[in-house]
Structure formats: C-alpha cells, structure tokens
Amino acid sequence: MSDSNKQGMLYLCATPIGNLSDITERVLETLKSVDLIAAEDTRNSIRLLNHFDIKVPLVSYHEHNKYDRAKELIEKMRRGADIALITDAGTPVISDPGEVITNMCHEAAITVTSLPGPCALITALSLSGLDARRFVFEGFLPPDKKERKKVLERLSDETRTIILYEAPHHLQSTLRELAEALCNRQVAVCRELTKKFEEVKRMTLFEAKEYYEQNEPRGEYVLVLSGRSEEELDNERIEQYREKDINEHMAEYEQKGLDHKEAMKQVAKDRGVSRREIYKMLLEEK
Ligand code: SAM
C-alpha cells in the first residue's frame, strides 16, 4: 500500500499470453497490493482480475489516451499512489502503448520497475529452432506502404534472425510481401502460443505463403525468419564490385586520398581477388 508521505511508483506487470497459469507470484502480489491498475482494455483485464480474485480499481490506458492519462497517473504517483500497468497480454511496452507512460515516468523522476513474465516474441524465438544468438524484433510491420517498403528493403539484407508480430487477417498478404522482398528462407510460423491450439510450423517462406493461401489463418501469430547468410551477402557484394570498371573502382579510392598501392589493396579486397590480379587487370586496361 502507498504511504502518503512517499511518492508512488509504476509497476510494469507481464500477464499471460494465453495460459493463465503463466502469471507469476510476484505479479499477483503486486496486482493485489497497488492502489490502481491501468489496463489497455479494462473489459479484457476484468476477466483476468476476477479469475485471480483481485479487487483493485481499474482505469483504462490505451493508444488513444496514452499521453493525457499518463499525466493523470503520474500526478497520482507523485501524491503517493502505486500503480500497476497491464496490457492485453504479455509484457507491457512490447508493441503496446506502455512505452509512453514509462518514458514520461523517467522524465518525471517516478520510479518504474518491471515484473518479467510472458512475452510472445521470446516464446516464439525459443520455440522456432532458428538461430537465437542474434535477433531483431520488428513488431508489426508499418501499415503505411512507403514505410513498409523501406523496412522490407532493410530486412532483406538483415543477417540476424527476424521476429515479427502479425494479426490473422493480414498474415496472407504479409507472407506474400515477405516472400517477394526477402526471397526464400526458413520461417517458423508460431500460432496461439501457450494456448490449447499452440502450433509451430517450420517451413520455407515460399511454402508458408502457399500454405496460408490454402488455409485461412486463425488466432494470433508470431513469425520468426532466419537472417540472410553472411556468406551470401559477401558474395553479392563482391559480384557488384566486379561489375564496376576497374579504373573507376581505383579512382574512387584515390579520390578519397589513398595512394595507388593502398587503392589497389582495397580494390583487391572488394573484388575478392589478389593484388597481383588487380595489377594485371590495370595493365590490360591501359
Ligand atoms: N505485449 C505483448 C507481448 O509481450 O508479446 C504483445 C502485444 S501485441 C499488441 C499483440 C501481438 O502479439 C499479436 O498480434 C501477436 O502477433 C502476438 N501475440 C500475443 N499473444 C500471442 C500468442 N499467444 N500467440 C502468438 N502470438 C501472440
């Protein structure tokens, strides 16, 4: 409970992404002891709170009131209230409006703590069987066409494992766009994680595109895609350099201030050949 002489704080509480037994003891204790719970969708959260017999006042905190409501909640914390933030499912802030209030708390010198727990991206990554040492989480692809194209272009050369969130009614078109921009590669289509119909389909991106054209997507999805191989990317770069005129390639480095010998060394490296080879090519071009 809050103490009237002390400032309150914000507790970011992770809630289950499907299986209610995944809630942590610490989250339950916190939800029972705070003064107020801010929830993304109060109707949704009431079911969760009723299930655990939690009777703390609820207030909405969502995309459309995230700035104004954050100001009100910060004022309450200043006056001593402890507030828990929960979102529809999973870890607050991850692809949901929690980011705004967290940032505003830092700016207002209100203490924030995070109570870890379920998170769809980590659950999917761990299940995918793809390289989990280096990964990039993109959340939902931007709905704006231009921005989306830019992100897809950038992702096409991404060597780390890529994780995306997607709604079922957009899955088919997203898989089509991904197959076009990223070409064929492994994907783990992770559906209904921690729920009764949990499913992980490992296939190629082209197979996934075809499969979901025949089978209507249902439920919630996370896509985990393998990154581009470093070797393939290096070979493509080398090919592009080799298409350049050798004298122009040399001139690019000499214009940057490298002497002839240094430029030859760099050009040889770019083209994946020896310096002797470059020397021969330059003689032939004379
Ligand atoms: N904050 C959440 C988290 O920690 O994962 C994510 C919130 S985001 C608004 C909702 C998206 O997460 C869904 O559209 C889906 O892509 C993914 N997601 C959430 N629960 C899931 C589940 N049980 N199975 C598969 N994907 C899920």
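The exercises below concern a predicted model, and each is followed by a worked solution.

**Exercise 1. Helices α6 and α7**

Task: Decide whether α6 is parallel, antiparallel, perpendicular or oblique to α7, and state which residues make the contact.

Solution:
- Two packed helices are described by the angle between their axes and the distance between the axes.
- Helix α6 covers residues 145-156 and helix α7 covers residues 168-182; their axes come within 9 Å and cross at roughly 50°.
- Angles under 35 degrees count as roughly parallel, over 145 as roughly antiparallel, and 65 to 115 as roughly perpendicular, the rest being oblique. α6 is therefore oblique to α7.
- The crossing of these two helices, α6 and α7, is right-handed.
- On the α6 side the contact is made by R148, L152, L155 and S156, and on the α7 side by T174, E177, L178, A181 and L182.
- Sorted by class, the residues in the contact of α6 with α7 are 5 nonpolar, 2 polar and 2 charged.

**Exercise 2. Helices α7 and α8**

Task: Describe how α7 runs relative to α8, and give the classes of the residues in their contact.

Solution:
- The axes of α7 and α8 come within 9 Å, and the crossing angle is roughly 155°.
- An angle over 145 degrees counts as roughly antiparallel, so α7 is roughly antiparallel to α8.
- The crossing of α7 and α8 is left-handed.
- From α7, the residues L171, Q172, L175, R176, L178, A179 and L182 take part in the contact; from α8, they are L205, F206, A208, K209, Y212 and E213.
- The contact of α7 with α8 divides into 9 nonpolar, 1 polar and 3 charged residues.

**Exercise 3. Helices α11 and α12**

Task: Classify the packing of α11 against α12.

Solution:
- Helix α11 (residues 260-271) and helix α12 (residues 275-285) have axes 8 Å apart, at an angle of about 105°.
- The range from 65 to 115 degrees counts as roughly perpendicular, so α11 is roughly perpendicular to α12.
- In α11, the residues H260, K261, M264, K265, V267, A268 and R271 meet R275, I278, Y279, M281 and L282 of α12.
- By class, the contact of α11 with α12 holds 7 nonpolar, 1 polar and 4 charged residues.

**Exercise 4. Salt bridges**

Task: State how many salt bridges the model has, and describe the pairs D53 with K55, E75 with R78, and E213 with R176.

Solution:
- A salt bridge requires a side-chain nitrogen of Lys or Arg within 4 Å of a carboxyl oxygen of Asp or Glu. By this rule there are 21 salt bridges.
- D53 and K55 form a salt bridge through their side chains, at 2.3 Å from N to O. D53 has a relative accessible area of 52%, and K55 has one of 69%. Exposed means over 50%, so D53 is exposed, and so is K55.
- E75 and R78 form a salt bridge at 3.5 Å from N to O. They are about one helical turn apart because they lie 3 residues apart in helix α3 (residues 68-78). E75 is partly exposed at 33%, and R78 is partly exposed at 41%.
- In the bridge between E213 and R176, the closest N and O atoms are 4.0 Å apart. This pair links distant parts of the chain, 37 residues apart: E213 is in helix α8 (residues 205-214) and R176 is in helix α7. E213 is partly exposed at 39%, as is R176 at 42%.
- There is also a network of salt bridges, which links D157, R228, E232 and E236.

**Exercise 5. Positive phi and burial**

Task: Locate S95 and E192 and give the phi of each; then decide whether T102 is buried or exposed.

Solution:
- Most residues other than glycine have a negative phi.
- S95 has a positive phi, near 55°, and is not a glycine. S95 lies in the loop between β4 (83-86) and α4, and is partly exposed at 37%.
- E192, also not a glycine, has a positive phi of about 50°. E192 sits in the loop between β8 (186-191) and β9 (199-204).
- Buried means under 20% relative accessible area. E192 has 15%, so E192 is buried.
- T102 belongs to helix α4 (residues 98-107). T102 has 13% relative accessibility and therefore counts as buried.
- Apart from its neighbours within four places in sequence, T102 is in contact with L12, V93 and V112.

How values were computed. Residues numbered from 1 in each chain as written. Predicted model: local features only at pLDDT ≥ 70, side-chain atom pairs only at ≥ 80, totals over all residues. Heavy atoms only, no water. Helix = DSSP H or I, 4+ residues; strand = E, 2+ residues; numbered from the N terminus. Buried < 20%, exposed > 50% of the residue type's maximum accessible area, 1.4 Å probe, protein only. Contact = heavy atoms within 4.5 Å. Axes fitted to C-alpha atoms, helices over the stretch in contact; angles between N-to-C directions. Left-handed = near helix turned anticlockwise from the far one by under 90°. Nonpolar A, V, L, I, M, F, W, Y, C, P; charged D, E, K, R; others polar.
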